[in-house]
Amino acid sequence: MQSTELDPTLSQTLSAAEKAGLKLVIGNKNYSSWSMRPWVAMTAFGIPFEEVRIALGKPETSSMIAQHTAAGRVPVLVAGQTTVWDSLAICEYLAEQFPDKGMWPRDVEARAIARSICAEMHSGFTALRTSMWMNIRASFPGKGRTPESQADIARICEIWEDCLARSGPHHFLFGDFSIADAYYAPVVMRFRTYGVWLPPALQAYVDRVVAHPAVAQWISEALKETDRLEKYDSYPG
């Protein structure tokens, strides 16, 4: 079974990151859900990388991101001469580059389902993103409950219930922690911020994700950030 302990030897990790030439460009840990996904995946699987954090919402933000990608958004993975500028593409690239890590489930059917639910998260759940943005430091219980966002919540619960029924009630979505769990980690953050009630089995899954060392480290570092995006720090109405 995959270990959930993080690499305790920071100097060795940084040295390996320099050798591997992997650089992950991210936004604020408190707000940037897209950045969280590959960062958590890389950290969870012990893939060394150099972190470059660009504060969002600043006059210089666009020009700083443009130094790494013309797409104008984070996250961005720079791997030597290769640049990958989409969170799902980054995860796929890493899974190919580090096949021994088992970032996707090894079973063919499980892997297909894992990819499907990540693609669904990547392209869908617009109402949830719009009404319940990620802000780890905030507490907005009961906010953002539009009919559309409620439908998104219901669909996410359905996905989790189906996956956990296959993997077992005390595991992650596909047994060991995988890209799929990293991909839904920002949803876990949202459910906590907005006080979304979940059935006990799903709340237990949320608790496991929050307790995972890679996710816990992201949360800890998000709480220490001092940059603020005012439009995400209060909820109107």
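The legends below describe close-up views of a predicted model.

Residues are numbered from 1 along each chain as its sequence is written. In this predicted model, local features need pLDDT of at least 70, side-chain atom pairs count only at pLDDT 80 or more, and totals for chains, interfaces and linings use all residues, while side-chain values use heavy atoms, with hydrogens and water left out.

**View 1. The open sheet has 4 strands in the order β2-β1-β3-β4**. Its pairing is mixed. The edges are taken by β2 (50-53) and β4 (82-84), each with a single partner strand, so one side of each has no neighbour in the sheet. On average, neighbouring strands of this sheet are turned by 20 degrees against each other, direction ignored. Helices (H or I, at least four residues) and strands (E, at least two) are DSSP runs, numbered from the N terminus. Two strands pair if DSSP finds at least two bridges between them. Axes are lines fitted to C-alpha atoms, for helices over the stretch in contact, and angles run from 0 to 180 degrees between N-to-C directions.

**View 2. Strand β1 (residues 22-26) pairs with β2 in the parallel sense** **and with β3 in the antiparallel sense**. Strands of a sheet pair through backbone hydrogen bonds, either parallel or antiparallel. The pairing of β1 with β2 runs over 4 bridges, and lysine 23 stands opposite glutamate 50 in β2. The pairing of β1 with β3 also runs over 4 bridges, and here leucine 24 stands opposite leucine 77 in β3. Because 4 of its 5 residues are buried, β1 is largely enclosed by the rest of the structure. Buried means under 20% relative accessible area, exposed over 50%, and partly exposed in between (1.4 Å probe, protein chains only).

**View 3. Helix α2 (residues 33-44) lies across β1, β2 and β3 (76-79)**. The helix α2 runs at about 145 degrees to β1. Together, β1, α2 and β2 make a right-handed β-α-β unit. A crossover is right-handed if, with the strands pointing away from the viewer, the path from the first strand over the helix to the second runs clockwise. Serine 33 is placed in α2 and counts as buried at 6% relative accessibility. Not counting residues up to four places away in sequence, serine 33 touches Met134, Pro186 and Arg190; contact means heavy atoms within 4.5 Å.

**View 4. Helices α2 and α10 (residues 213-224) cross at roughly 130 degrees**. Their axes come within 8 Å. That angle makes α2 oblique to α10. Angles under 35 degrees count as roughly parallel, over 145 as roughly antiparallel, 65 to 115 as roughly perpendicular and the rest as oblique. The crossing of α2 past α10 is right-handed. From α2, the contact is made by Ser35, Met36, Trp39, Val40, Thr43 and Ala44, and from α10 by Ala214, Val215, Gln217, Trp218 and Glu221.

**View 5. Helices α5 (residues 108-123) and α7 (residues 147-167) pack with their axes 12 Å apart**. The angle between them is about 165 degrees, and α5 and α7 are therefore roughly antiparallel to each other. Their crossing is left-handed. A crossing is left-handed if the near helix is turned anticlockwise from the far one by less than a right angle, and right-handed if clockwise. On the α5 side, Glu109, Ile113, Ile117, Glu120 and Met121 meet Arg155, Ile156, Ile159, Cys163 and Arg166 of α7.

**View 6. Serine 87 lies in helix α4 (residues 87-97)**. The residue is buried, with a relative accessible area of 2%. Serine 87 touches Trp34, Arg37, Pro38, Pro75, His122 and Tyr183, residues up to four places away in sequence not being counted.

**View 7. Isoleucine 47 is in the loop between α2 and β2**. At 2% relative accessibility, isoleucine 47 counts as buried. Leaving aside neighbours within four places in sequence, isoleucine 47 is in contact with Leu22, Met42, Leu94, Phe98, Lys101 and Met103. Isoleucine 47 and leucine 22 are 25 residues apart in sequence, and their C-alpha atoms are 8.9 Å apart in space.

**View 8. Proline 105 lies in the loop between α4 and α5**. Its relative accessible area is 10%, and proline 105 is buried. Apart from neighbours within four places in sequence, proline 105 is in contact with Ala110, Arg111, Ala114, Phe174 and Ser178.
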